[in-house]
Amino acid sequence: MSRPTPPTYKTRNWPSYNEALKRRGSLTIWFDPEMSWEAAPTGRRGRQQSYSDAAIQTCLSMKVLFGMALRQTTGFVESLLRLVGLEWAVPDFSTLSRRQKTLAVNIPYRSSKGPLHLLVDSTGIKVEGEGEWHARKQGGPKRRVWRKLHLGIDEQTLEVRAVEITGSNIGDAPVLPDLLDQIPEDEEIGSVTADGAYDTRKCHDAIAERGAHAVIPPRRNAKPWKTATAGAIARNEALRVSKYLGRTLWRRWSGYHRRSRVETKMHCVKLLGQRLMARDFDRQIAELQVRIAIMNGYTALGIPVTEAVG
């Protein structure tokens with residue numbers, strides 16, 4: 001039996017998407033003179049902070065975008081402020097390093113129209129260790145440290161709505177409830193799509209508690225669950241349908257193929273750097289969150305709208 005011919009797709013908004021791609025490479029940087037660059041007084045005893053979180057995040061965003069060290073970031077921002085005529089002080093490298101550890105990164109996003117359809121996946125980001133070629137040819141250290149990045153993106157806007165960073169020893173399934181907790185309680189979640197690693201009781205129960213529909217393929221050796229919870233009932237129904245239709249037809253029927261979009265988003269994250277520059281875990285969290293904020297800004301400029309033509 002011959003394989004069916006895969007469909008071809010056409011981008012309907014190519015002119016606007018082409019302009020969005022060009023704007024992603026623009027070096028135009030805007031500084032709002034009305035922004036709160038200096039930190040507001042806290043009213044507590046002790047030394048007050050000199051720079052706001054927005055100022056620190058701005059500097060760290062430049063660091064991530066251009067792959068600079070902290071000292072070069074300070075000089076870069078100083079030159080930009082001098083060019084636009086703003087006499088703002090710039091945090092030095094030690095201030096940036098200290099504030100990065102406790103920074104509450106603001107990740108902008110656009111709300112989708114209608115219920116939120118969340119696509120979930122995870123990937124690894126290298127922290128330490130030589131490159132693959134050096135380790136093989138030069139006998140570098142074989143043990144490398146990784147951080148695991150868990151993302152939940154909006155299917156409609158393709159922007160990241162939930163992010164968690166853990167060690168490489170943490171599995172995918174235990175993090176899903178934490179990702180769902182980042183979605184506001186008053187926002188309706190229509191569905192949560194993830195791979196078979198999330199086929200656990202806690203994941204299905206957490207999705208059912210938010211009133212969402214789980215699109216998670218049952219494991220190949222899956223058996224019906226006896227617990228009569230809302231999540232178990234939904235999972236047993238998915239198991240019954242997948243056995244009746246077959247896994248291939250079930251994936252097409254359930255729309256499971258949408259999960260490929262979050263895999264593409266993982267690739268976009270790694271385009272901003274294959275490894276982390278920070279060595280402290282808290283600073284690594286801030287570094288990855290800054291990457292997500294930058295990536296959401298890129299996505300907001302424009303995304304392709306495609307349709308099948310054959």
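Figure 1. With a relative accessible area of 1%, Leu 276 counts as buried; here buried means under 20% relative accessible area, exposed over 50%, and partly exposed in between, using a 1.4 Å probe and protein chains only. This is a predicted model, so local features need pLDDT of at least 70 and side-chain atom pairs count only at pLDDT 80 or more, while totals for chains, interfaces and linings use all residues. Residues are numbered from 1 along each chain as its sequence is written, and side-chain values use heavy atoms, with hydrogens and water left out. Leu 276 sits in the loop between α10 and α11; helices (H or I, at least four residues) and strands (E, at least two) are DSSP runs, numbered from the N terminus. Leaving aside neighbours within four places in sequence, Leu 276 is in contact with Ile 125, Lys 126, Val 127, Arg 147, Gln 284, Glu 287, Leu 288 and Arg 291, where contact means heavy atoms within 4.5 Å. Leu 276 and Arg 24 are 252 residues apart in sequence, and their C-alpha atoms are 22 Å apart in space.

**Figure 2. The largest nonpolar core.** A nonpolar core is a set of buried Ala, Val, Leu, Ile, Met, Phe, Trp, Tyr and Cys residues joined through side-chain atoms within 4.5 Å. The largest one has 40 residues, and Trp 37, Leu 151, Val 163 and Ile 292 touch the most other members. At least two residues of this core come from each of α2 (53-66), α3 (70-84), β2 (116-128), β3 (145-154), β4 (160-167), α10 (260-271) and α11 (281-301). Helix α11 gives the most, with 7 residues. Apart from this core lies another, of 20 residues, including Ile 183, Tyr 198, Ile 207 and Ile 216.

Figure 3. Gln 289 belongs to helix α11 and, at 18% relative accessibility, counts as buried. Beyond residues up to four places away in sequence, Gln 289 touches Val 105, Ile 107 and Ile 165.

**Figure 4. The buried face of helix α4.** In α4 (residues 93-100), the buried residues are Thr 95, Leu 96, Arg 99 and Gln 100. Seen down the axis of α4, they fall within an arc of 125°, so they line one face of the helix; the arc is that of the directions from the helix axis to the C-beta atoms. These buried residues pack against α2, α3 and α11.

**Figure 5. The β3–β4 loop and Gly 167.** Leu 158 lies in the loop between β3 and β4, and has a positive phi of about 60° although it is not a glycine. Most residues other than glycine have a negative phi. Gly 167 lies in strand β4 and, at 15% relative accessibility, is buried. Gly 167 touches Arg 147 and Lys 148, not counting residues up to four places away in sequence. The C-alpha atoms of Gly 167 and Val 145, 22 residues apart along the chain, are separated by 8.8 Å.
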